[in-house]
Each structure stands twice: as structure tokens, then as C-alpha cells.
Amino acid sequence: MTGGAFVVENASAVTVALSFEVVGVRDGLGVSRAAPPIAFEPSAPSLAPREARRVRVRIDLADAPSEPGARLELQVRVHADGRHHLTLWIDVVVDPRTFE
């Protein structure tokens, strides 16, 4: 497992409901791969006007490349009220220090 976090912010004057959709995964050579299990917490945050919230992402790498320096690039669409609002890129790199 690996994970991280990012912040989403609602700069509008109305409440919005967000959702996340993984639409592509590529390895370090740019080859498309099946998406590993990915969880966003919260999975569908609702943000009041001008509210910011931290979102955690957890990625199960059990079936992913595990050699030092291996890389996965995840393309995630962020939807606001059901409409594509922005695209988020998440890079995962296997740290060689893990193998020391």
C-alpha cells in the first residue's frame, strides 16, 4: 500500500459535491495498465462555499511493478456536481531506499 493526500477547495459561492474517477494508469514506459485498487477518503466530499478539505488517497500496489524506481502514473478526473471539472495526475514511484 502507498498513499498521500491533496487539498480540494471550492472557490465558488455555492456548495458543490465532488467525486473522483480513475480514467487511466500508465507505467514508467507510458504503457497503459489496469488500475490498482484505489480509495479516496472522503470518496465524495461536499464542500461549502470557499471551503477547503484534505483528501487522502490509498493505492494497493500488490500487483504493481515493485522493482526500485518503478513508476505508475494515474489520471484522475475530479467531478463537481457530476461534471468533469479538472484532471489530477498522481505519480507513484517505488523508492529504492525501500530495498536497502
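Reply: Let's start with E73, which touches G24, V25, R26, W89, I90 and D91, leaving out residues up to four places away in sequence; a contact here means heavy atoms within 4.5 Å. This is a predicted model, so local features need pLDDT of at least 70 and side-chain atom pairs count only at pLDDT 80 or more, while totals for chains, interfaces and linings use all residues. Residues are numbered from 1 along each chain as its sequence is written, and side-chain values use heavy atoms, with hydrogens and water left out.

E73 sits in strand 6, residues 71-80. Strands are DSSP runs of E with at least two residues, helices are runs of H or I with at least four, and both are numbered from the N terminus. E73 counts as buried because its relative accessibility is 15%; buried means under 20% relative accessible area, exposed over 50%, and partly exposed in between, with a 1.4 Å probe and protein chains only. The side chain of E73 also has a partner, R71, through a polar contact of 3.5 Å. Such a contact is a pair of N or O atoms within 3.5 Å; within protein, one must be able to donate a hydrogen and the other to accept it, and residues adjacent in sequence count only if both atoms are side-chain atoms.

Further along, strand 6 also holds H79, which counts as buried because its relative accessibility is 13%. The H79 side chain reaches the backbone nitrogen of H84 at 3.4 Å. Beyond four places in sequence, H79 touches A17, L18, S19, E21, H84 and H85. The loop between strand 6 and strand 7 contains D81, which has a positive phi of about 55 degrees although it is not a glycine.

Now for the nonpolar side of the story. The largest nonpolar core has 20 residues, and those touching the most other members are F6, L18, F20, F40, L74 and I90. A core here is a set of buried Ala, Val, Leu, Ile, Met, Phe, Trp, Tyr and Cys residues joined through side-chain atoms within 4.5 Å. Strand 6 supplies the largest share of this core, 5 residues. F40 is in contact with F6, F20, V22, V55, R56, V57, V76 and I90, leaving aside neighbours within four places in sequence.

On a 1 Å grid over the protein atoms alone, a pocket is an open set of points where a 1.4 Å probe fits, with protein on both sides within 12 Å along at least five of seven lines, and lining residues have an atom within 4 Å of a point. Of the 14 residues lining the largest pocket, V8, E9, L18, H85 and L86 are the closest to its centre. Strand 1 gives the most to this lining, with 4 residues.

Stepping back, the protein has 0 helices and 7 strands. Of its 100 residues, 28% count as buried.
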